[in-house]
Every structure is written in structure tokens, then in C-alpha cells.
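Subject: The model we talked about

Hi there,

Here is the structure I promised to pass on. Have a look at it first, and then read on for what turned up when I went through it.

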Amino acid sequence: MMTATDLTPVPLMPNTFRLPHRRVRLYFDRDKHEAGKLAEQVRPFVAEPAEAIVVIGGDGTMLRAIRHHWPDRLPFFGLNTGHLGFLLNDPTDDFWDRELRKYRLPLLDVETTCRNRPPIRNVAFNDCWVERETGQTAWIEVCVNGVTRMEKVVADGMLIATAAGSTSYARAMGATPLPFNAELLTLAASNVLLPAFWRPAVLPLDTTIRLRNLDPDKRPLRGFIDGIAQGPVVEMTARSSDTAAVELLFAPEYDPVAKLAVTQFPEVPK
């Protein structure tokens with residue numbers, strides 16, 4: 001049986017990081033004028049061997065950059081020209097000379113099984129999920145570390161999120177946002193009919209979670225990994241990767257752990 005001690009988060013504490021040679025790679029949202037303008041300011045510092053990848057845009061731009069470039073093993077520093085920018089810093093001219101905070105975060109190893117083709121493996125930074133493809137509700141079996149924990153969840157879909165992803169769609173499904181350096185996974189569902197009153201679960205980072213479609217003929221599911229469609233899915237399994245990880249850089253005033261603490265409390269009207 002899982003105890004409260006098993007669920008105690010072990011924070012991945014930040015290290016400090018500097019850019020002594022001011023050499024970076026550049027990744028930015030080419031469809032956004034503001035991102036392009038800021039990219040021109042950074043372009044004089046683009047050189048190899050790079051010390052970091054500067055990402056300009058919104059959180060979606062950062063997710064795309066991570067998806068394409070995490071194997072390069074360079075830390076990512078984001079400059080926000082989007083909306084919330086939870087994974088980013090506000091634009092600044094002096095980050096070259098500042099002591100930054102560096103977090104090393106695991107990625108999810110996600111295996112999706114579709115009909116008539118071998119399983120496909122990908123990595124996810126935020127989350128992966130399955131959702132109903134038709135008007136029929138989804139029937140999903142949930143296995144945790146090889147043990148069936150819920151024989152049939154009747155819902156619109158189910159999602160597995162890292163702590164970093166807990167502030168995104170998992171939060172919209174009723175999950176509590178977690179400090180993004182907590183060694184935890186969130187399992188959530190949307191519009192749950194059965195089991196009645198089921199709430200999102202928080203599990204240790206080393207947990208393996210499998211979602212299996214109980215009725216793929218009548219109730220097909222489609223899968224997503226960090227928002228990227230995977231097509232029709234009959235089974236999705238996620239676990240923390242043993243090899244894939246990413247490092248994010250933040251100026252102290254934009255540290256996402258502190259930002260999360262502020263965003264969870266409503267502003268008091270004056």
C-alpha cells in the first residue's frame with residue numbers, strides 16, 4: 001500500500017549558471033513579430049560551441065524547442081513574448097552577465113500503441129493524454145506499476161503530467177499545480193462519470209502508468225504528447241525516462257517555483 005511517506009516530493013534543487021562567453025543558439029517563433037524583433041537583439045551572440053539555447057516566444061515555443069533539441073544537452077533560457085510564460089523569463093538585456101538558476105528536469109518516456117503498427121516511443125516534457133474521438137465516452141483501464149488500479153474509468157479522457165505539466169491541462173482537469181521541480185507525476189481525467197467523485201492522483205516520479213482502451217471499436221481514442229497528435233491509440237504507457245532530461249535557466253525573479261506560489265492566490269480587490 002502507498003503511504004504518505006512514499007508521496008513526499010524530493011525537490012530537484014537549482015544550481016547556479018552563467019554564460020561566460022556569451023555564445024548561444026537561437027530558437028524563436030517566426031510567426032510572431034515581437035519574437036522576431038527580440039531575436040535580432042540576440043543574433044550577434046549566436047556562435048558555436050554554444051553554452052545555451054535562447055528560446056523566444058511563449059510556452060508552446062519552449063515545448064517545441066525542447067522536443068527538437070533536448071538531445072543537444074544544452075540548457076534552455078526562455079524569453080517571453082507570449083502570454084503566461086510559465087517556463088520563460090521576461091525580456092531582459094542583462095541576462096548574459098547574471099547568475100541564473102538552472103533546474104534539471106526529467107522527461108517522460110511515452111509509448112503509444114496503435115492498431116496494425118508497432119508501438120512508437122517519444123518523450124514528453126509536460127504531459128501525454130488520450131481522449132475520446134467520437135461522441136461516445138471513453139472506457140479506460142488504468143494500470144500503475146503493472147497493477148490494475150481502476151478497471152474502468154468512464155470519462156472524456158485521461159492525462160499523465162510531470163510536475164512541470166501540472167500547471168497546464170492537468171490543472172484544468174482539477175489537479176493541484178505542483179512545484180515544477182517536485183519528483184511527482186499527476187494522473188487526471190476530464191468529465192469523469194465513473195468512478196463517481198474520483199479526483200486526480202499524485203504518484204512518485206518512478207511510477208509507470210498505462211492507459212488502455214477497453215472498447216477501441218465503439219469508443220476509439222486519440223493520443224497526444226505535449227499537444228502533438230499521435231493518431232488513434234489503443235494503449236499509452238508513460239514513465240520517467242532513465243536517459244532523457246532537460247535543463248531550464250531562470251533569472252531569480254522569474255523562478256517558476258516562486259511564480260507558482262503567487263499564481264495560486266487570487267489578487268485581493270482594492
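Leu185 in β11 is the bridge partner of Thr162. That contact belongs to the pairing of β10 (residues 157-162) with β11, which is antiparallel and runs over 6 bridges. Please keep in mind throughout that this is a predicted model.

β11 also pairs with β12: these two run antiparallel and are joined by 4 bridges. Here Leu184 stands opposite Pro204 of β12. How many of the 7 residues of β11 are buried? The count is 6, so the strand is largely enclosed by the rest of the structure.

If you step back, these strands belong to an open sheet of 6 strands, in the order β12-β11-β10-β7-β14-β15, with antiparallel pairing. β12 and β15 are the edge strands, each pairing on one side only. On average, neighbouring strands of this sheet are turned by 20 degrees against each other, direction ignored. As you know, strands of a sheet pair through backbone hydrogen bonds, in either a parallel or an antiparallel way.

Further along the order, β7 (residues 127-132) and β14 run antiparallel and are joined by 5 bridges. Within that pair, Arg132 has Leu221 of β14 as its bridge partner.

Next, β8. Of its 7 residues, 6 are buried, so β8 is largely enclosed by the rest of the structure. Which strands does β8 pair with? One is β9, joined to β8 by 6 bridges in an antiparallel arrangement, and there Ile140 has Val153 as its bridge partner. Another is β13 (residues 209-213), which also runs antiparallel to β8, with 5 bridges between them. In that pairing, Val142 stands opposite Leu211.

The backbone has a few spots that I think you will enjoy. Most residues other than glycine have a negative phi, and most peptide bonds are trans. Here are some exceptions to look up.

Asn145 has a positive phi, near 55 degrees. Asn145 lies in the loop between β8 (138-144) and β9 (147-155), and the hairpin of these strands has 2 residues between them.

You will find Asp226 in the loop between β14 (221-225) and β15 (228-233). Asp226 has a relative accessible area of 12%, which is under 20%, so Asp226 counts as buried.

Pro49 sits in the loop between α1 (33-42) and β3 (52-57). Where is Pro195? Pro195 lies in the loop between β11 (184-190) and β12 (201-204), which brings us back to the strands that are joined by 4 bridges.

All the best

Definitions and conventions: Residues are numbered from 1 along each chain as its sequence is written. This is a predicted model: local features need pLDDT of at least 70, side-chain atom pairs count only at pLDDT 80 or more; totals for chains, interfaces and linings use all residues. Side-chain values use heavy atoms; hydrogens and water are left out. Buried means under 20% relative accessible area, exposed over 50%, partly exposed in between (1.4 Å probe, protein chains only). Two strands pair if DSSP finds at least two bridges between them. Axes are lines fitted to C-alpha atoms, for helices over the stretch in contact, and angles run from 0 to 180 degrees between N-to-C directions.
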